[in-house]
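Me: I'm new to this one, so please pick a single part and take me through it slowly. Start with whatever term I'll need.

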Amino acid sequence: MGIILKNGKLLNEQGELSIKDLLIVENRIVKIESNIEAEADHEVVDLNGHFIAPGLVDVHVHFREPGFEAKETIETGAHAAVAGGYTTVACMPNTRPVIDRVETVEFVLHKAKQANLARVLPYAAITVRQLGVEHTDFAALQQAGAFALTDDGVGVQSTKMMVEAMQKAKALGMSVVAHCEDNDLLPPGAALHDGVTAAKHGLPGIPSASEAVHVGRDILLAEATGVHYHVCHISAKESVRLVRDGKHAGINVTTEVTPHHLLLCDEDIPDSLDPNWKMNPPLRSREDRDALIAGLKEGSIDIIATDHAPHTSEEKAKGLKRAPFGIVGLETAFPLLYTHLVEKGILTLAELVDKMATKPAELFGLPYGKVEVGAIADLAVFDLTTEKSINPDHFKSKGKNTPFAGWVCKGWTVLTMVDGKIVYNN
Ligand SMILES: [Zn+2]
Ligand SMILES: [Zn+2]
């Protein structure tokens, strides 16, 4: 019994690739050897020298169900995940209803089980309906299977609500994950970073301080409470500096960056102001982008997360001011980052895998993210040689909203395995 994955390339301790066979029995990797002889009851899959990575782990996706099924459902989102090599994703609670009650956590887990593709872990909201005035029942939500706590989509405006949330979360061993945005610093109608492109078009801008003020506040509160505090989608160089200082001071702060903030800046936004370039936080300056890359390399920024945020084409056709914030990311993250960070020598392949699979699992105590004997068989196989351009029409996601259409990349998913079962085979 079992599946043999033959002729896959694995990273060794030195970060070099070598051809190996893997034997998977039930949901575990039981053997990794140069040549595994197939027995009669083995299913054999030849990987033709493609790269075997641990299944990617994304702690920041929006699957829109319940409430916004025209944008995405848990099933289409999970399909997009495995098509991008992701085996575990954590979905944000800004649905309708908000994931702020046990029943809604259970609903998401039930839908994920039905889809039977990627592991989908629901976040629970910090505050009821994400309104920032009353805490949800953390203990009950944790009991029901909530992954961690966040009000992503909006910042927690009240310092009192945040510090009390951290105290309660700490007592339960839960992480507090924050969308950092101080509404007092947001000009009405701002859609772009307060920088060269907004100025050129005479538009109000979203200042970096609106993010960094919350990052700074919350790091101090994390120090006071001892909670694990994780900053969502870091975008400003000031925020990177604050996280770096916090880590140096021994505070339990971690952070994620998105592929789009690593690869794009506000100068890249076309003059058409296509709403597929509108996301929150916005694409910031070239300097900010350079600080994000440096922060990722040095470890101030721990992991990469997509902030996969599908919207319908109708919504995104409303023009820059009225279109909603957000772009999809699950099906393009690995090819984009492999092509534009690894092939250009900015990150090694081992570093990229660490930041997209191993570290995210580690930060949140998940037993995934490793290819080794005894590990759970969550795997992604990527083709590192074939070039193909990004075509949103081919996405499994309902969302086609991406600024990366037409970009030519390598690193496309060949096969994805979750818990020992092949769930995607291209
Ligand atoms: Zn957010
Ligand atoms: Zn988000």
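Reply: Two strands count as paired if DSSP finds at least two bridges between them; the strands (E, at least two residues) and helices (H or I, at least four) are DSSP runs, numbered from the N terminus. What you see is a predicted model, where local features need pLDDT of at least 70 and side-chain atom pairs 80 or more, while totals for chains, interfaces and linings use all residues. Residues count from 1 along each chain as its sequence is written, chains are lettered from A and ligands numbered from 1 in written order, and side-chain values use heavy atoms, without hydrogens or water.

Let's look at the open sheet. Five strands make it up, in the order β9-β10-β13-β14-β15, with parallel pairing. The edges belong to β9 (149–150) and β15 (303–304); each has a single partner strand, so one side of each is left without a neighbour in the sheet.

Now go to β13, which covers residues 229–231 and contains His230. His230 counts as buried (under 20% relative accessible area, with over 50% being exposed and anything in between partly exposed; 1.4 Å probe, protein chains only), because its relative accessibility is 0%. Which residues does His230 touch? Leaving out residues up to four places away in sequence, the list is Val59, Val176, Val177, Ala178, Thr254, Thr255, Glu256, Ile303, Leu363 and Phe364. Contact here means heavy atoms within 4.5 Å. Val176, Val177 and Ala178 are touched by His230, and β10 is the strand at 176–178.

Helix α4 (residues 159–172) lies across β9, β10 and β13, running at about 145° to β10. That angle, on a scale of 0 to 180 degrees between N-to-C directions, is taken from axes fitted to C-alpha atoms, for helices over the stretch in contact.

Next comes the metal. Which protein atoms hold the zinc ion (ligand 2)? His60 (NE2), His62 (NE2), Asp152 (OD) and Asp307 (OD) are its protein donors, lying 2.0 to 2.3 Å away. Donors are N, O and S atoms within 2.8 Å of the metal (3.2 Å for Na, K and Ca), and with water absent a site may look incomplete. Along the sequence, these donor residues follow the spacing H-x1-H-x89-D-x154-D. Both histidines are tucked away: His60 is buried with a relative accessible area of 0%, and His62 is buried with 5%.

Ideal tetrahedral angles for four donors would be 109.5 degrees.

The zinc ion (ligand 1) is 3.4 Å from the zinc ion (ligand 2), and Asp152 coordinates both.
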